[in-house]
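Me: I have a structure to go through with you. Can you take my questions one at a time?

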Amino acid sequence: MRVDFLLIGQGIAGTWLSYYLSKKGASIIVIDDAAQNAASRVAAGIINPVTGRRVVRTWMIEELLPFAASAYEQMGKELGITALLQKDIIDFFSAPDIKLAFEKRLQEGEGYLKKWDSPLLNDFFHVDFGWGMISPVYMAQLEDILPAWRLHLTANQQLAEEKFDPAQLFLHDGHISYRDIIAQKIIFCDGVAAANNPWFSKLPFALHKGEALILEIPDLPRENIYKKGLTLVPLKEKNYFWLGSNYLWEYKNDLPTEKFQNEARQKLNYWLKLPFRIMDHKAALRPANVERRPFVGIHPLHPSIGIFNGMGTKGCSLAPYFAKQFAEFLLSGEAILPEADINRFQKILSRT
Ligand SMILES: Cc1cc2nc3c(=O)[nH]c(=O)nc-3n(C[C@H](O)[C@H](O)[C@H](O)COP(=O)(O)OP(=O)(O)OC[C@H]3O[C@@H](n4cnc5c(N)ncnc54)[C@H](O)[C@@H]3O)c2cc1C
């Protein structure tokens with residue numbers, strides 16, 4: 001079988017790259033092993049314009065947020081699903097300095113922050129120092145997007161559900177071959193697996209582990225996301241919420257830990273007035289890196305091998321924007337943003 005591109009991985013990165021390549025008329029095949037502990041299958045899908053104790057804007061959010069909003073909406077229309085919902089964050093201040101930082105940013109005219117009065121919240125939460133609102137915030141509906149795009153790829157005979165084996169990849173002049181597939185290029189969208197991938201393991205990956213609980217909380221309003229250290233996110237299923245997450249740089253494996261479950265339960269008991277039931281506990285490694293910028297581009301020594309990775313904690317906002325940019329680079333030679341282009345690691349990647 002001959003195609004233009006062989007993609008490895010159908011997390012949110014591989015989904016968006018295969019979407020834009022197909023849309024621009026390229027022929028593709030995607031190999032994905034459907035690992036349930038892939039970051040995209042554990043993530044909440046939040047696209048949040050501001051972060052941290054100082055409530056600062058995230059990198060490029062002025063471009064990424066509107067781009068993501070229209071890209072997910074378009075993909076949703078084409079697949080017949082709701083791919084994105086606006087769910088603003090009610091940010092509960094956990095300490096006086098956090099409240100002050102929020103109010104300072106609000107006074108400075110930060111457009112993503114709002115005052116929001118709803119005494120009803122006192123019925124559901126123990127409130128220490130008040131709250132503010134972050135808006136607009138979106139939630140990519142990963143639970144629907146990934147299976148719907150997979151179904152689309154399967155229907156078009158563009159998906160092989162199996163584990164990719166690097167030993168069976170051969171590089172030729174101007175193309176690659178993998179079993180019965182011949183492609184102009186292979187692009188790795190393989191998430192944390194790339195940190196051990198023979199071609200890209202020298203990139204400065206800094207993987208970290210994150211965990212989430214799936215909770216049943218009857219009676220908690222579902223219009224918004226609630227945040228107080230941990231984030232409580234309404235899921236599609238009635239009464240279900242996602243609660244996460246932690247950031248562990250030291251870990252033995254990618255499995256859920258009792259420690260997280262106990263700490264999260266304790267925090268929630270302090271914060272939430274309503275009863276809740278733990279239905280599930282998930283964990284995954286995030287494909288993060290020391291620069292917190294994506295890895296997009298072609299290997300400096302191997303023009304038939306590319307990577308679309310390094311999405312860290314922000315795959316849902318970064319993937320659509322940079323997938324379109326990468327597809328335009330691959331098909332028409334348009335530039336990749338230098339901060340995202342793996343050209344910046346040319347020296348490291350060229351070392352043999
Ligand atoms: C707890 C948690 C919460 C998060 N919350 C958010 C959030 O709210 N918002 C946000 O934007 N981001 C969030 N993230 C980060 C987000 O999950 C990642 O940025 C994103 O999912 C990375 O996507 P990816 O496609 O690059 O990698 P992955 O999701 O890991 O996808 C890689 C795919 O490649 C496949 N694969 C790998 N190796 C092989 C192989 N050899 N053969 C075949 N298939 C292979 C895997 O099965 C997988 O399907 C969160 C992460 C975690 C862990």
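The chat below covers the domains, then the ligand.

Me: What kind of model is this, and how are residues numbered?

Reply: This is a predicted model, in which local features need pLDDT of at least 70, side-chain atom pairs count only at pLDDT 80 or more, and totals for chains, interfaces and linings use all residues. Residues are numbered from 1 along each chain as its sequence is written, and side-chain values use heavy atoms, with hydrogens and water left out.

Me: How is the chain divided?

Reply: Domain 1 takes 2-42 + 143-205 + 290-350, and domain 2 takes 89-135 + 208-286. The bounds come from an automatic or database domain assignment.

Me: What area is buried between domain 1 and domain 2?

Reply: About 850 Å², with carbon and sulfur atoms giving 56%. Buried area is the accessible area (1.4 Å probe) that two parts lose on being put together, summed over both.

Me: Which residues supply 51% of the domain 1 part?

Reply: Asn-37, Val-42 and Val-192, more than any other three residues.

Me: How many salt bridges cross that interface?

Reply: The rule finds one (a side-chain nitrogen of Lys or Arg within 4 Å of a carboxyl oxygen of Asp or Glu).

Me: Switching to the ligand: which residues come nearest?

Reply: Asp-32, Asp-33, Ser-40, Phe-164 and Gly-312, of the 38 residues around the ligand (a heavy atom within 4 Å).

Me: What does Ser-40 have by a ligand oxygen atom?

Reply: A polar side-chain atom of Ser-40 lies 2.5 Å from an oxygen atom of the ligand. For Gly-312, a backbone N or O atom lies 2.7 Å from a ligand oxygen atom.

Terms used:
A polar contact is a pair of N or O atoms within 3.5 Å; within protein, one must be able to donate a hydrogen and the other to accept it, and residues adjacent in sequence count only if both atoms are side-chain atoms.
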